[in-house]
Amino acid sequence: MKKFEIAVIPGDGIGKEVVPAALDVLQTVADVHGGIQFDWTEFPWNCDYYLEHGKMMPDNGLEILQGFDGIFLGAIGNPQLVPDHVSLWGLLIKIRREFEQVINIRPAKCMKGIRSPLVNPNDFDLIVVRENSEGEYSEIGGRIHRGEDEIAVQNAIFTRKGVERAMRYAFELAKKRRGHVTSATKSNGIFHSMPFWDEVFNDVKKDYREIESAAFHIDALAAFFVTRPQIFDVIVASNLFGDILTDLGGAIMGSIGIAPAANINLNGKYPSMFEPVHGSAPDIYGKGIANPIGQIWTAKMMLDHFGEDELGKKMLEVLEEVTADGIKTPDIGGNASTREVANEVCRRLKAL
Ligand SMILES: NC(=O)c1ccc[n+]([C@@H]2O[C@H](COP(=O)([O-])OP(=O)(O)OC[C@H]3O[C@@H](n4cnc5c(N)ncnc54)[C@H](O)[C@@H]3O)[C@@H](O)[C@H]2O)c1
Ligand SMILES: O=C(O)C[C@@H](O)C(=O)O
Ligand SMILES: [K+]
Ligand SMILES: [Mn+2]
């Protein structure tokens, strides 16, 4: 019996709805498989916790998490209670950085039974490798003066190590896919970091002569996501560009509610963290209609990470069957609830 100890952080808003739904599916997968076992330990760390304790997680939160095989997270953020930069940096971004989850992989593809808003989606199948530890997301900078003379300075950090690592990951991934890497740049407008990004890309690609590559400015690249997403295989992007592109990736699939993600620790020192692309969706929280597919597909990425690719593949097939048969939440044109979708996925997994 293979045993996986998983730390579960539902977080805020719909995280508290889609995480239990996805756990049911994972539990069903384990039952059906018979050879794997999950041990869940849930942590109530979110914005409510912050109101009570003045922090998003206890001081030894990272020590607690360190012992787990993986972290399964819903979403963080309740701007009514806690400013977003405080809640995200106090938990989500803290874990990504301290646990050296330096890569964030986020696939987007045409799904059976889910209509893309694109007139011609052309069966696209892409994956964004988002640099997850530096870039535009930095605490370097500051603010001085108030009012009319106020100044805010925000420094982006691009290290050769960080950039090269993300790019190499993208090229390695392309070897296992369709052999193409696109770099998301903006070296026409960003004067220092993006020409540097291009230089590193040109250096790295020399080591992967069998892989085709291209570089697009992020503005044009975003437009191509809409007009011809089928041209992309692997895309490597900085932290912010990758963030924006992957909401767009969700949108062209049909809903940001189905987009999965994995924050990967590459050196094996710390657990990786699995959380979908979407946030806590305060606008629909409490209605029971949040799409659980993003969280369930994220669970599939966790299985892949544990080397259980076969199982993961089955899960995705079942998800597509369920949507193809019209059991869908309102964001993708159905009228099923979060629970109904998850229950149907479980039912079909049991019938396999
Ligand atoms: N990784 C994370 O934890 C994460 C990611 C993004 C945003 N956030 C936080 O979430 C909060 C809300 O952010 P936002 O509104 O910009 O983005 P969001 O992703 O929460 O919501 C954007 C839109 O997509 C819809 N949506 C999102 N997930 C859905 C799902 N599963 N099913 C159906 N519809 C879904 C929402 O209803 C909303 O209309 C903020 O506090 C933000 O900081 C957290
Ligand atoms: O900006 C972030 O990374 C938080 C959230 O938007 C995400 O994509 O995970
Ligand atoms: K999330
Ligand atoms: Mn985002």
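## Helices and the model

Helices (H or I, at least four residues) and strands (E, at least two) are DSSP runs, numbered from the N terminus. This is a predicted model, in which local features need pLDDT of at least 70 and side-chain atom pairs count only at pLDDT 80 or more, while totals for chains, interfaces and linings use all residues. Residues are numbered from 1 along each chain as its sequence is written, and chains are lettered from A and ligands numbered from 1 in the order in which they are written.

## Around ligand 1

The shell around ligand 1 holds 24 residues, and the closest are Gly77, Gly257, His278, Gly279 and Asn291; a residue is near a molecule if its C-beta atom, placed from the backbone, lies within 6 Å of it. Helix 4 (residues 84-98) contributes the most to this shell, with three residues.

## Two domains

The domain assignment, which is automatic or comes from a database, gives domain 1 (1-103 + 258-352) and domain 2 (116-253). Their C-alpha centres lie 24 Å apart. Twelve residues of domain 1 are in contact with 13 residues of domain 2, where contact requires C-beta atoms, placed from the backbone, within 7 Å. On the side of domain 1 that touches domain 2, helix 4 supplies the largest share, three residues.

## Contacts of Ile235

Leaving aside residues up to four places away in sequence, Ile235 touches Leu126, Val128, Val129, Thr182, Ala184 and Leu245.

How values were computed:
Contact = placed C-beta atoms within 7 Å.
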